[in-house]
Amino acid sequence: MSGARHLLVLGATSAIAQAYARRCAGADLRCTLVGRHEDRLREIAADLLARGAAAAEIVTADLAAMEAIESHVDAIRSRFGEPDEFLIAYGLLGQMPKTMTDLSQARRLLDTNLTSAALWTLALLKNRRADAPLSLVALASVAGDRGRAKNPVYDASKGGLDVFLQGLQKTYDGTAVHILIVKPGPVDTPMTASLEKKPFLVSPDRVAADICRAVLRRRRILYTPWIWRPIMLIIRHLPWFVFRRLQI
C-alpha cells in the first residue's frame with residue numbers, strides 16, 4: 001500500500017470527481033476524499049474500496065473556508081502523506097440575476113470557484129520537494145474563455161482560475177509538476193439538472209475518461225468533448241460587433 005499512488009480529490013462528491021476516482025480505482029491507488037457531506041463521502045469511499053482501491057480516506061471540510069486551508073493541507077500530509085495527484089472538482093454555478101444584484105452571492109461564487117481553489121493549489125504546492133512528481137488536475141470551464149451576458153460572475157470565476165493555472169504552468173514548466181486545465185462544456189450533473197439542456201451535453205464518465213487520457217499524455221489543456229476546442233477558438237476571436245449579437 002505504501003507504494004500506491006495517492007490521489008487527493010477536492011470536492012469528492014461532485015459527479016465528475018466520482019467518475020474520475022472510479023476510473024482510477026485499483027490496487028495501486030490510495031484516495032483521500034475531501035468534501036462537506038460526511039455520509040456521502042463514506043459511501044463514495046466504500047464504493048472505491050469495493051472497486052479495488054488500496055485505501056479510501058475521508059476529510060470533512062468546507063473547501064471554501066479559506067482561513068482553514070493551510071491547516072487542512074498540513075493535516076492531510078501528516079495523516080495520509082504527500083499527494084501524487086490532486087483533482088480540484090468543486091464549484092458553484094450561481095443563479096442569475098441574483099449574482100448580479102446580491103453581492104454576498106457574487107462574492108461566495110467568486111471565493112469558491114476562484115479564490116479558494118487558488119489557495120488550495122498554492123498550499124498543496126508549498127514546501128514540496130522540487131523533484132517530487134505531481135499531477136494537478138483542475139476543472140475550469142469553456143465558460144471562462146469569454147465573458148457572456150448570461151452569467152458574467154461565473155464566467156469571471158472560471159476565467160480567473162484558467163489564467164491562474166496558465167501562470168502556474170509557466171512557473172513549473174520543466175519540473176516534476178504537471179498541470180492539466182480541464183474545460184468541459186455542459187455536463188449532465190445535479191448542478192445542471194434544472195437548466196435547459198445544451199448542445200453537446202455529455203456524461204460525467206465521458207469527462208472522466210477524457211481526463212484520464214489527458215493525464216497520461218501530459219496535456220496542458222483539455223476541452224471535453226473535443227468539439228468545444230474549435231467552437232471556443234471561434235468564439236474567442238469573434239470581433240465585438242459580431243459577438244454582441246449572439247444570444248449567449
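This is a predicted model: local features need pLDDT of at least 70, side-chain atom pairs count only at pLDDT 80 or more; totals for chains, interfaces and linings use all residues.
Residues are numbered from 1 along each chain as its sequence is written, and side-chain values use heavy atoms, with hydrogens and water left out.

**View 1. Helix H1 against helix H2 (residues 38-50).** Helices (H or I, at least four residues) and strands (E, at least two) are DSSP runs, numbered from the N terminus. The two axes come within 10 Å and cross at roughly 25°; axes here are lines fitted to C-alpha atoms, for helices over the stretch in contact, and angles run from 0 to 180 degrees between N-to-C directions. H1 and H2 therefore count as roughly parallel (under 35 degrees; over 145 is roughly antiparallel, 65 to 115 roughly perpendicular, and the rest oblique). Right-handed means that the near helix is turned clockwise from the far one by less than a right angle, left-handed that it is turned anticlockwise. On the H1 side, Gln18, Ala21 and Arg22 meet Arg40, Ile44, Asp47 and Leu48 of H2, where contact means heavy atoms within 4.5 Å.

**View 2. H1 (residues 15-24) again, now with H7 (residues 204-216).** This pair packs at about 55° with axes 8 Å apart, so H1 and H7 are oblique to each other. H1 passes H7 in a right-handed crossing. Ala15, Ile16, Ala19, Tyr20 and Arg23 supply the H1 side, and their partners in H7 include Pro204, Val207, Ile211 and Val215.

**View 3. H5 alongside H6 (residues 152-171).** Their axes come within 8 Å and cross at roughly 15°, which makes H5 roughly parallel to H6. Here too the crossing is right-handed. Among the H5 residues in contact are Leu109, Leu110, Leu114 and Leu125; among those they meet in H6 are Tyr154, Leu161, Phe164 and Leu168.

**View 4. Helix H3 and its buried side.** Ile69, Val73, Ile76, Arg77 and Phe80 are the buried residues of H3 (buried is under 20% relative accessible area, exposed over 50%, partly exposed in between, with a 1.4 Å probe and protein chains only). They cover an arc of only 105° around the axis, so they sit on the same side of H3; the arc is that of the directions from the helix axis to the C-beta atoms. Their cover includes strands E1 (5-10), E2 (29-35) and E3 (55-60), plus helix H5 (103-125). Exposed Ser78 and Arg79 are on the face turned away from the buried side. After H3 comes Gly81, with a positive phi near 90°.

**View 5. Tyr223 in strand E7 (residues 221-224).** Tyr223 is buried, at 7% relative accessible area. Leaving out residues up to four places away in sequence, Tyr223 touches Val142, Asp145, Lys183, Trp228, Arg229, Met232 and Arg236. Its C-alpha atom is 11 Å from that of Ala143, 80 residues away along the chain.

View 6. Most residues other than glycine have a negative phi, and most peptide bonds are trans. A cis peptide bond joins Thr224 and Pro225, with omega about -5°; Pro225 is in the loop between E7 and helix H8 (228-237). Asn127, in the loop between H5 and strand E5 (134-139), has a positive phi of about 65° and is exposed at 70% relative accessible area. Arg218, in the loop between H7 and E7, also has a positive phi, about 55°.
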